Amino acid sequence: MSDTPAPAPKKKSGLVGKLIPVIGALVLLGGGAAGGWYATSSGLIGGHGPKEDKNKPQLVERKEGGETPAQTDADGDGHYETTYFEMKREFTANLTDPNRYIQVGLGVATNYDSRVIEAVEKNEPAIRSAVLGVLGEQTADHVATVAGKEDLQRRLRAAINKTLQDKVGFGGISQVYFTSFVIQ
């Protein structure tokens, strides 16, 4: 055996050795660019919020200087136009009380564009079914009070908005109104 030391391994100084840092830098830059694009397009930065879906109804801002007095809208500040729609027929349902029934006429209000009312008209059979289901869960004593009527309005609004959400992908009804109300 000889006393000569073994040769040291050669350093990779070729093309592969130079490409590894370049590829690493490109991956980091690409990831940063992708993250920046996502943050700005989703509204996380830039102060613009998420992009609006043009297929969903948009709030209708109130025009200044009309002849009609300002109406209170869903958020109560009068910034948005309110559109009303009255359902064509009254609703009649049995109450949970034996031999008692309720008959109501309904109107709805929205601060969104015409697509909400169009959706209500188009989906009226499904909405009628949902409304009748809610009415059939009531007792005469409950809906005879002011608080009971207000609770029923909230439940009906939720049922109508859920039906619209299921059928067309958006709600938009801000209030339900009784146009007639009979308990027998």
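Reader: Why are Asp166 and Lys162 separated by about one helical turn?

Author: In this predicted model, the side chains of Asp166 and Lys162 meet in a salt bridge, with 2.9 Å from N to O. Both residues belong to helix α5, and they are separated by about one helical turn because they are four residues apart.

Reader: Is Asp166 buried or exposed?

Author: A residue counts as exposed when its relative accessible area is over 50%. The relative accessibility of Asp166 is 53%, so Asp166 counts as exposed.

Reader: Which residue forms a salt bridge with Arg155, and is that residue buried or exposed?

Author: Arg155 counts as partly exposed at 39% relative accessibility. The closest N and O atoms of the pair are 3.0 Å apart, and the partner is Asp151. With a relative accessible area of 16%, which is under the 20% limit, Asp151 is therefore buried.

Reader: At roughly what angle do the axes of helix α3 and α5 cross?

Author: Two packed helices are described by the angle between their axes and the distance between the axes. The contact of α3 with α5 includes Ala126, Ile127 and Ala130 in α3, and Leu152, Arg155 and Leu156 are among the residues they meet in α5. The residues of this contact divide into eleven nonpolar, one polar and two charged. The crossing is right-handed, the axes come within 9 Å, and the angle is roughly 145 degrees.

Reader: Where is Gln153, and is it buried or exposed?

Author: Gln153 has its place in helix α5, residues 146-168. Beyond its neighbours within four places in sequence, Gln153 is in contact with Gln175, Val176, Tyr177 and Phe178. Its relative accessible area is 17%, so Gln153 is buried.

Reader: How far apart in space are Ala93 and Val104, C-alpha to C-alpha?

Author: Ala93 is found in strand β2, residues 91-94, and counts as buried at 10% relative accessibility. Among the residues Ala93 touches, leaving out those up to four places away in sequence, are Tyr101, Ile102 and Leu132. Ala93 and Val104 are eleven residues apart in sequence, and their C-alpha separation is 9.0 Å.

Reader: Which residue forms a salt bridge with Arg62?

Author: Arg62 counts as buried because its relative accessibility is 15%. Its partner also lies in the loop between α1 and β1, 19 residues apart from Arg62. The closest N and O atoms are 3.8 Å apart, and the partner is Glu81.

Terms used:
Residues are numbered from 1 along each chain as its sequence is written. This is a predicted model: local features need pLDDT of at least 70, side-chain atom pairs count only at pLDDT 80 or more; totals for chains, interfaces and linings use all residues. Side-chain values use heavy atoms; hydrogens and water are left out. Helices (H or I, at least four residues) and strands (E, at least two) are DSSP runs, numbered from the N terminus. Buried means under 20% relative accessible area, exposed over 50%, partly exposed in between (1.4 Å probe, protein chains only). Contact means heavy atoms within 4.5 Å. Axes are lines fitted to C-alpha atoms, for helices over the stretch in contact, and angles run from 0 to 180 degrees between N-to-C directions. A crossing is left-handed if the near helix is turned anticlockwise from the far one by less than a right angle, and right-handed if clockwise. Ala, Val, Leu, Ile, Met, Phe, Trp, Tyr, Cys and Pro count as nonpolar, Asp, Glu, Lys and Arg as charged, and the others, Gly among them, as polar. A salt bridge is a side-chain nitrogen of Lys or Arg within 4 Å of a carboxyl oxygen of Asp or Glu.
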